[in-house]
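Please read the numbered points below with the sequence and the 3D view side by side.

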Amino acid sequence: MRNNKLRKFVDKLKPHFMPGGKLEKLHSVFDGFETFLFVPNTTSKNGVHIHDAIDSKRTMITVVVALVPALLFGMFNVGYQHYLAIGQTVGFWDTFVFGLLAVLPIVVVSYAVGLGIEFVIAQIKGHEIQEGFLVSGMLIPLIVPVDTPLWMIAVATAFSVLFAKEVFGGTGMNIFNVALVARAFLFFAYPTFMSGDTVWVRTGTTFGLGGGSIIDSYSGATALGELATATSSNVQLTNIIGNPLGFLDGFLGLIPGSIGETSTLAILIGAAIILFTGVASWKIMLSVFAGGALMAFVFNNFGPDNAVAHFPWYNHLVYGGFAFGAVFMATDPVTAARTETGKWIYGFLIGAFAIVIRVLNPGYPEGMMLSILFMNIFAALIDYYVVEGNIKKRMKRVGTQKQ
């Protein structure tokens with residue numbers, strides 16, 4: 001009943017946004033909201049098309065829902081790290097609300113800037129609103145440190161939408177993952193705000209929930225950052241108050257890091273959602289983890305004498321952005337390989353290169369971002385050779401049969 005009333009209300013407004021209406025210049029904006037609320041009732045009339053019960057907006061929304069566990073845990077962890085750093089013990093809700101108030105502005109800025117640009121461009125071109133930023137707008141806040149200034153988030157979001165997406169033709173045409181381009185822009189343009197000990201833990205404001213003063217010193221570096229600066233290959237990781245960290249800590253995620261990347265458990269819950277709904281490729285996910293595990297195992301046994309090389313292979317899979325990249329970034333259907341064999345190759349190389357970058361580049365211990373962006377370049381090439389290989393096999397088979 002409510003849907004019928006909403007449908008009638010939208011239909012009543014629609015003529016004002018159609019050609020000849022008072023608000024025809026905002027037709028693209030209205031169309032974007034209408035198709036967000038309701039599945040379009042238009043059908044293709046010519047050419048060859050694939051008909052399905054779900055459109056791209058519903059696909060994107062499914063991914064956003066899958067990101068919610070990582071987002072909620074990230075909010076809690078931001079509060080947890082804050083109160084741990086200032087030496088206070090508070091309840092669950094105080095912890096979560098602190099994180100909510102710290103993270104929510106980043107999400108709002110990301111969506112406001114990204115969707116605003118897409119709305120403007122759609123109006124200028126007279127096209128419909130493209131829905132790709134529904135996912136990118138959520139990914140960007142989850143892969144940055146909590147203390148990233150909001151103006152930097154805005155600049156990076158604008159840069160990624162314009163130069164990693166719109167210049168290529170919009171949603172479905174970009175060759176690089178939009179959210180990762182925003183992260184790369186921040187890293188290379190403002191490196192001091194994206195690394196070090198202070199950006200991963202917010203300690204300066206309590207939002208009136210606990211009060212108290214900040215402790216004089218603490219180490220807020222990520223686990224991989226701590227390894228990269230270690231002078232010995234035998235290092236015991238610790239949290240910001242000096243307690244030792246192990247595999248379970250990395251899996252659960254109560255450690256410093258980017259907002260949505262710390263909890264492998266929350267990420268795997270999201271993975272289950274997008275795999276169950278058929279939105280993402282399990283082949284890419286599995287091959288990323290396989291490539292990373294194998295390469296880390298090789299470095300464990302034959303690598304250089306540094307802490308990252310001797311970091312246990314299984315820990316590599318749960319620390320840093322490895323799991324988040326494998327589940328939500330590598331599986332991006334636009335920028336990933338599309339052939340079934342290509343997916344195995346593409347994912348395996350992402351996992352392997354991520355570990356190579358971590359071990360061999362001490363200035364950049366988190367290798368997942370660069371690895372995915374690098375393989376974005378070669379995704380089409382991988383598919384090309386897979387298809388060419390299949391063609392040659394079929395031609396050879398046909399030739400053999402004719403003989």
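Predicted model: local features only at pLDDT ≥ 70, side-chain atom pairs only at ≥ 80, totals over all residues.

1. Overall make-up. The protein contains 15 helices and 0 strands.

2. Burial and contacts. Of the 403 residues in the protein, 48% are buried. Among contacts between residues at least 6 apart in sequence, 71% join residues at least 24 apart.

3. F159, L162, F163, V167, F168, M173 and I175 together make a nonpolar surface patch of about 610 Å². One of these residues, F159, belongs to helix α6, which covers residues 150-163. F159 has a relative accessible area of 30% and is therefore classed as partly exposed.

4. Cavities. How many cavities of 30 Å³ or more does a search of the whole structure find? The search gives 3. The largest cavity holds about 330 Å³ of space, and 23 residues line it. Those nearest the centre of the largest cavity are M60, G132, V135, D332 and P333. Two or more lining residues come from each of the elements α3 (56-85), α5 (133-142), α7 (178-189) and α13 (322-329).

5. The second largest pocket. This pocket contains about 490 Å³ of space. Its lining consists of 31 residues, with W200, T222, G225, P365 and E366 nearest the centre. Helices α7 and α8 (223-228) each supply at least two residues of that lining. Which of the elements gives the most to the lining of the second largest pocket? The answer is α8, with 5 residues.

6. In one of them, the side chains of D147 and R202 meet at 2.9 Å, N to O. D147 sits in the loop between α5 and α6, and R202 in the loop between α7 and α8, so this pair ties together parts that are 55 residues apart in sequence. The two partners can also be described by their accessibility: D147 is partly exposed, with a relative accessible area of 30%, whereas R202 is buried, with a relative accessible area of 18%.

7. A salt bridge between two helices. The side chains of E340 and K283 form a salt bridge at 2.7 Å, N to O. Because E340 lies in helix α14 (residues 340-360) and K283 in helix α11 (residues 282-302), the pair ties together parts that are 57 residues apart in sequence. Is E340 buried or partly exposed? E340 has a relative accessibility of 41% and so counts as partly exposed. K283, by contrast, is buried, with a relative accessible area of 17%. A network of salt bridges links K283, E340 and K343.

8. A buried salt-bridge pair. The side chains of E366 and R358 meet in a salt bridge at 3.4 Å, N to O. Both E366 and R358 are buried.

9. T264 is part of helix α10, which spans residues 264-276. Is T264 buried or exposed? Its relative accessible area is 4%; since buried means under 20%, T264 is buried. Apart from its neighbours within four places in sequence, T264 is in contact with G250, F251, L317, V318 and A323. The C-alpha atoms of T264 and G320 are 9.6 Å apart in space, while the two residues are 56 residues apart in sequence.

10. N315 and its surroundings. N315 is found in helix α12, made of residues 313-316. Its relative accessibility is 8%, so N315 counts as buried. Which residues does N315 touch, not counting those up to four places away in sequence? They are G246 and F247.

Notes
Residues numbered from 1 in each chain as written. Heavy atoms only, no water. Helix = DSSP H or I, 4+ residues; strand = E, 2+ residues; numbered from the N terminus. Buried < 20%, exposed > 50% of the residue type's maximum accessible area, 1.4 Å probe, protein only. Contact = heavy atoms within 4.5 Å. Patch = residues over 30% accessible without salt bridge, like charges linked within 9 Å, V, L, I, M, F, W, Y side chains within 5 Å. Areas by Shrake-Rupley, 256 points an atom, 1.4 Å probe, with all protein chains shown as cover. Salt bridge = Lys/Arg side-chain N within 4 Å of Asp/Glu carboxyl O. 1 Å grid on protein atoms, 1.4 Å probe; cavity = no way out; pocket = protein on both sides within 12 Å on 5 of 7 lines; lining within 4 Å. Points joined across faces, edges and corners; volume = space filled by probe spheres on them.
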